[in-house]
Amino acid sequence: MFRKELSYYFSTPIAYIVIGLYLLAVSLFLWVIPGQWNIIDSGYAQTDGLFQLSPWLMMLLCPALTMRLYSEERKSGTWDILMVQRTPMRRIVTGKFFASWTLMLLALLPNVVHYFIVYAIAEPIGNIDGGQFAGSFIGLIMLSVTFLSIAMLAGCWTKNQIAAFISGALACFVLYWLILQHFYDSVSRGVIDLRDILVFVTIAMICHGGTIGILQLISHK
């Protein structure tokens with residue numbers, strides 16, 4: 001399932017468009033568009049704008065990656081084939097999740113370039129808090145795990161990709177605003193607290209289990 005989904009992403013323009021738009025948006029806000037996230041305007045050797053901006057972009061990016069995972073399978077009829085083959089639901093959901101997360105990691109990793117650019121232009125050279133960057137980047141990775149799980153749960157009930165995208169984006173926004181932002185900000189300060197990581201993992205596991213449960217109910221109708 002993992003190989004199937006990953007190969008689908010890269011055999012269509014979806015992966016390239018989604019990753020490209022995310023990286024372009026981040027680069028423009030950090031270096032070109034004037035404002036609170038612009039590194040040059042801030043006058044400081046820091047990449048805070050990257051970690052303040054990325055969660056809001058990821059609220060759209062993660063649902064965009066997951067919106068077709070179940071809606072397209074059910075609409076095209078391939079879902080029935082999986083059910084006839086008695087493929088375990090846990091294997092289906094886990095395989096799809098890790099394929100999406102792999103793509104998400106490929107979108108996040110190029111952002112390390114911004115750190116090295118700031119490192120090179122800082123006065124003196126290297127005058128940037130590497131520990132804070134590492135902590136913030138770990139926070140982004142954990143947030144991607146949680147957002148993908150939330151988006152998969154929110155969108156697994158419908159055959160309509162637009163409905164899956166909207167419900168996933170709204171669910172990510174609400175949970176980030178109510179719960180996740182506090183723990184993400186804590187990690188972003190460069191101090192890795194296992195309690196913060198546990199919150200991300202726990203919410204992701206609950207959503208993962210919920211997705212499996214809902215799909216099992218739908219499949220038995």
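Visitor: Why is threonine 47 called buried?
Guide: Its relative accessible area is 4%. Buried means under 20% (exposed is over 50%, partly exposed lies in between, with a 1.4 Å probe and protein chains only). The value 4% is under 20%, so threonine 47 is buried.

Visitor: What should I know about the model itself?
Guide: It is predicted: local features need pLDDT of at least 70, side-chain atom pairs count only at pLDDT 80 or more, and totals for chains, interfaces and linings use all residues. Residues are numbered from 1 along each chain as its sequence is written, and side-chain values use heavy atoms, with hydrogens and water left out.

Visitor: Where does threonine 47 sit, and which residues does it touch?
Guide: Threonine 47 lies in the loop between helix H3 (39-42) and helix H4 (48-66). Helices here are DSSP runs of H or I with at least four residues, strands are E runs of at least two, and both are numbered from the N terminus. Contact means heavy atoms within 4.5 Å. Not counting residues up to four places away in sequence, threonine 47 touches Ile39, His114, Tyr115, Val118, Ile128 and Phe133.

Visitor: What makes H4 and helix H9 roughly parallel?
Guide: H4 and H9 (residues 130-155) pack at about 20°, with axes 9 Å apart. Axes are lines fitted to C-alpha atoms, for helices over the stretch in contact, and angles run from 0 to 180 degrees between N-to-C directions. Under 35 degrees counts as roughly parallel, over 145 as roughly antiparallel, 65 to 115 as roughly perpendicular, and the rest as oblique. H4 and H9 are therefore roughly parallel.

Visitor: Which way does H4 cross H9, and which residues meet?
Guide: The crossing is right-handed. Among the H4 residues in the contact are Asp48, Phe51, Met58 and Cys62, and the H9 side includes Phe133, Leu140, Phe147 and Met152. By class, the contact has 15 nonpolar, five polar and one charged residues. Nonpolar covers Ala, Val, Leu, Ile, Met, Phe, Trp, Tyr, Cys and Pro; charged covers Asp, Glu, Lys and Arg; the others, Gly among them, are polar.

Visitor: What makes H2 and H8 a roughly parallel pair?
Guide: Helix H2 (residues 14-32) and helix H8 (residues 112-121) pack at about 20°, with axes 12 Å apart. That angle makes H2 roughly parallel to H8. H2 passes H8 in a right-handed crossing. Val26, Ser27, Leu30 and Trp31 of H2 meet His114, Ile117, Val118 and Ile121 of H8. This contact has six nonpolar, two polar and no charged residues.

Visitor: How many disulfides are there, and why is cysteine 62 in none?
Guide: A search of the whole structure finds zero. Cysteine 62 has its nearest cysteine sulfur, that of cysteine 172, 6.0 Å away. Cysteine 62 is buried, at 0% relative accessible area.

Visitor: What about cysteine 156?
Guide: Its sulfur is 10 Å from the closest cysteine sulfur, in cysteine 207, too far for a bond. Cysteine 156 also counts as buried, at 0% relative accessibility. Isoleucine 218, in helix H11 (residues 194-219), touches Arg74, Cys156 and Trp157, not counting residues up to four places away in sequence.

Visitor: Is glycine 139 buried or exposed?
Guide: Glycine 139 is buried, because its relative accessibility is 0%. Glycine 139 is found in H9. Apart from neighbours within four places in sequence, glycine 139 is in contact with Tyr184 and Val187.

Key. Disulfide = S-S within 2.5 Å. Left-handed = near helix turned anticlockwise from the far one by under 90°.
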